[in-house]
Structures are given as C-alpha cells and as structure tokens.
Amino acid sequence: MPGPYIRAAWSAARRCLPSSKTNPKYYNSIFGRTGSSSWFTRRGFSAAAPAIDHPDSVVDPAKIRNVAVIAHVDHGKTTLMDRLLRQCGADVPHERALDSINLERERGITIASKVTSISWNGNELNMVDTPGHADFGGEVERVVGMVEGAVLVVDAGEGPLAQTKFVVAKALKYGIRPVLMLNKVDRPSVSEDRCGEVESMVFDLFANLGASEEQLEFPILYASAKEGWASTTFTKDPPTEHRNMSALLDAILSHVPPPRADLEEPFKMMVSMMERDFYLGRILTGRITSGIVRIGDKVHGLRKTDSGSEKFEEGRVVKLMKKKGTSTALIDCAGAGDIISLAGLSNPSIGHTVSSLEVTTALPAIELDPPTISMTFSVNDSSLGGRDGSQLTGAKIGERLRAEAETNLAINVVPVPGTDSFEVQGRGEMQLGILIENMRREGFELSVSPPKVMYKTEDGQKLEPLEEVIIEVNEEHVGLVMEALSNRRGELIDMGPCAGAEGRTRMTLTCPSRGLVGYRSVFNADTHGTGFMHRAFLSINGFWNDHCIFTYGLGSTWNLICITRNGGL
C-alpha cells in the first residue's frame, strides 16, 4: 500500500518548505505560479499571480468606503485614479493604469468600469472608475448601486456637460451625496471667478434634478489631477508639502458614509460585474450586502421573476479575490459592505443574486435605461466572404453576441426568426462600433446593417428617443451647424460664448436620435475638425412626424429611401 508512504513523504516535504506568508515569491516559484501566467482576461486584473492577503480577517464595515468616480468624458477621471493609487503606495507601471482593454489604450477612453481598493489612514477605500461617454452609460448605471458616495469630477474650464447631467441624475437617484472636485484649475484660463460660476452651474444642476438639502450641501475641492494635487481652497500653486491628494482622500472619509451592513445576517451579494477565466470559469464581482462568505461555503444563485424569486444553481465558493491597487489578492473570507470577486458558479450573471442557501429572496434587480439604436449582425455572404476571419458561421456569431450581452447589460441581442441574423440593440453608434471592432480582432467575419433608431408604442402612440446635444464650435461655423440640426428636428435650448475660449460658441440642443444618426461625419466636415459634440440620452418622447427631416444628395431613388428612414417625405 504505497498511499500512506506517499502522503507521509509529501507532509514532510511541505514542512521543509518556507511558509507562503513569509516568502511568497519562493512559494510561487515552487508551485509554478509566475508573473507570466494569465489570471484574468478583462477589466484590468493583474497578470501576476495573486498573493493571499488577510487570510482570516474580515474588514470592519465602519472602516470601508465605497466610492465611484463619475464625470463627463475627458474631465480627468482615470488620471485622478492614477494619482490616488500612487498617493496610497500602489505600483502604477504607466499612465492610465486601469485602462486595461486594448481599445481603451488606443483611443484614450474608458469603456468598462473597474474596481480597485486603496488604504488610507487605516481605512479601506473601494474606488470604481467609470466611463465618461454616454454610449457606455450602462456601465455607470450598474455600478452606482454598489457605492455610498461619489467623486464628481468637473472640468473647471468647461463646466458640467451632457454626461455630467446623466451621471449626477443616477447618483442622486440612489441617494448618493457627491463630493465635487473642480479639475484642471492649473490652466491659465481658469480663474477663481470661473470656478465660482461652475459651482453655481453644478448647484443649479443638482437642484433641477431634485436633489435633497443634504445633497445640495456638497463639499468642493480644487485640483489638478495631472499635477497630482487637490486643495480645499482655490489655488494654482499649492505649497510643496500640500502637493498631493490628501485633501480629497480626507474629504472622502469625512463625507462618504460607511456601508450599512450586518455581519450576522446570511450572506447576500448582488452581481454587478462579470469576467470569464479559462481556469475558474465565471468570476462574479459585487458588493456584499450582508453576512460573511468564506472559501468552501455553499451558495446558490437567485434571480427575480414575475412570480417572485427563482433558484437556478447551487455550488461552492472556490476562490475569493479582491483588487488591491493594480494587482489582485486572494482572500479566505470577506464581510458585508466590501466589494469582492468570487468563483465557483457557472450560471449567474450581472443582476443576479449570490447568497447562502437559507436565503430565498433575490435582491432588487438593476434598472437600466432602454437602448436607442439597433443594428443587424449576420453572416458575411458576399463574394469575398471567408478571406479575413476564422469565425464565419451564424452559430459562432450568435454565441459571441450572447456572451457580450451577459457582461454588458446595456446591449440586448434578439435573434431574427428564420435567419442566422441577430438584432443587436445598444446605446449608441460608438458602443456598437466598439463591439464590432472587438469581434473583428477576435477573428469574426460578419456583415452589419446601418444603425436604426428603436421606437416604442404606448397606448397606441409611437414614441422615439430624444437626446441632449452640447456643441462647441468656432463662431464662423455656427450657421452651418444650426442649419444642419434644424433640418434634423433639433431645437436650441441655450447658446453663449465659451468661457476662456475666445471666438468659440457653445450650444445646447435637443434632437431626436434618428436625426443624429450619421451626423457626426457631417459635423466634422462642416467644422473642419475643430468642433466638439457631446450627446446623452434625455427621454422618450412622442414621434415627431409633422415636419420632414432633410438630407442632402442627388435626387435618386436610393436617396429617397434613405430619407424615409429618418422622417417623412
């Protein structure tokens, strides 16, 4: 019987090895865990092997702060996250360290939300970096329920823009009291008077969105994320000892409440993010609502149905992980209020509840705004089909689209009956364009239809999505832009000079989504590439068919068909 002798020899060998807690590098080299192994596939998890951290401890909920960083695009969210990581001692290998997807680094934008944690004065701060483009607003909607506070970053020169209104509305809806940070105050065009104007604009925005008195009393900080400092008073050149982010971190601890959590209740967690790993399967990320979870615990998945809650899978927790800085740590247990990732279940996705077996009621589902644009994805049946890609069949395309819909709730995939085509519904042309580019890089070859606007019918009335458009152009281009948008059913709400930019004009309009389809290329041509246009979903309104929406082109049958897609003749 060689079994007992083998086990005895293995036990003796383990006693001779150094402890993993005292020498983790040696432990990893013995058991084959090196920095070259790929642990996670998406959303910025480190490729290095995770280290076990706090194996038997649960963080006190009173020492936890869950905070989202929200803003309009290019107002400095990701740069701010880099400075906060450096302030708290994390290793930041390069700029925009949390932008881990290739397209994020290439385009300089944030596409997916990421979670990381930093330590400050004995407290654990779980920070969520969110996208700024309106097309990726679903990423903001599904993570804002995980946090109790938010840092609203506003460009001190530009002021609040379209996406600022969107993210503030979502934060106020969940009762969050944001901390206002006026960024880029080091610019020469930004003065103390200009900061006062922006503060008034933000206050008016809060008031118009129905903020409570407590939410209207938001703290204000002045910062330059690029230079790495924040201050409670307006300054352009703080003293050397204050050129850091301590003021912002202290404001978070002072104004963001700890999570309301009970460690004695059964374990419950709402899944807000999901990744796939080749070895662990689905990795589910979310905030623990109540209780404690440990490796090996039995859990099950719950989802909301019309009749109540439904249990659809049971399993065990095989891994618990927590993002710390730019790396990932393995943990043995976690408690209520903390944001963690777990593996062990193969079916739950975003919006589902993972809980201990005694829990039978699912947590409230995540509410998202409806999609506004759709495109049809189908097999490439042209004469040149099969030359560029390796994934060619409708089954492969459908499998990839369904996988995308599981990780991105803002995208809906509807099969077209009787064909190998799929209608993909999303928030905007950029979101669907990012999906198409990702599929192309993964080896998929497919054909797509032109984007079309999604309509609704309620009580016999046809409804369509309405968007808010903010445009900044040179004065000589105002006439061309106004003429083009008025032909597309745009209505001017506000117009005035841009602060700190001589010869520039800013316009705020509302326009149906169907009038904006394909307009960006026209806008770039009219403004010679010098204009800026920002869009955000506003509401669902009645279908406007009392006037035509005009387009330009030669008078052919094809042009007339294109016109009827956007309005009546």
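Guide: Pro371 lies in the loop between β18 (353-356) and β19 (373-379); strands are DSSP runs of E of at least two residues, helices runs of H or I of at least four, numbered from the N terminus. This is a predicted model, where local features need pLDDT of at least 70, side-chain atom pairs count only at pLDDT 80 or more, and totals for chains, interfaces and linings use all residues. Residues are numbered from 1 along each chain as its sequence is written, and side-chain values use heavy atoms, leaving out hydrogens and water.

Visitor: Is Pro371 buried or exposed?

Guide: Pro371 counts as buried, at 17% relative accessibility. Buried means under 20% relative accessible area, exposed over 50%, partly exposed in between (1.4 Å probe, protein chains only).

Visitor: What does Pro371 touch?

Guide: Not counting residues up to four places away in sequence, Pro371 touches Ala410, Asn412, Gln425, Gly426 and Met454. Contact means heavy atoms within 4.5 Å.

Visitor: Now the helices. At what angle do α12 and α14 cross?

Guide: Roughly 160°, with the axes of α12 (residues 478-487) and α14 (residues 519-526) coming within 10 Å. Axes are lines fitted to C-alpha atoms over the stretch in contact, and angles run from 0 to 180 degrees between N-to-C directions. The two helices are therefore roughly antiparallel, the term for angles over 145 degrees.

Visitor: Which residues meet there?

Guide: Leu480, Val481, Ala484 and Leu485 in α12 meet Tyr519, Phe523 and Asp526 in α14.

Visitor: And where is Pro512?

Guide: Pro512 is in strand β27 (residues 504-512), and is buried at a relative accessible area of 0%.

Note on methods
Parallel < 35°, antiparallel > 145°, perpendicular 65-115°, else oblique.
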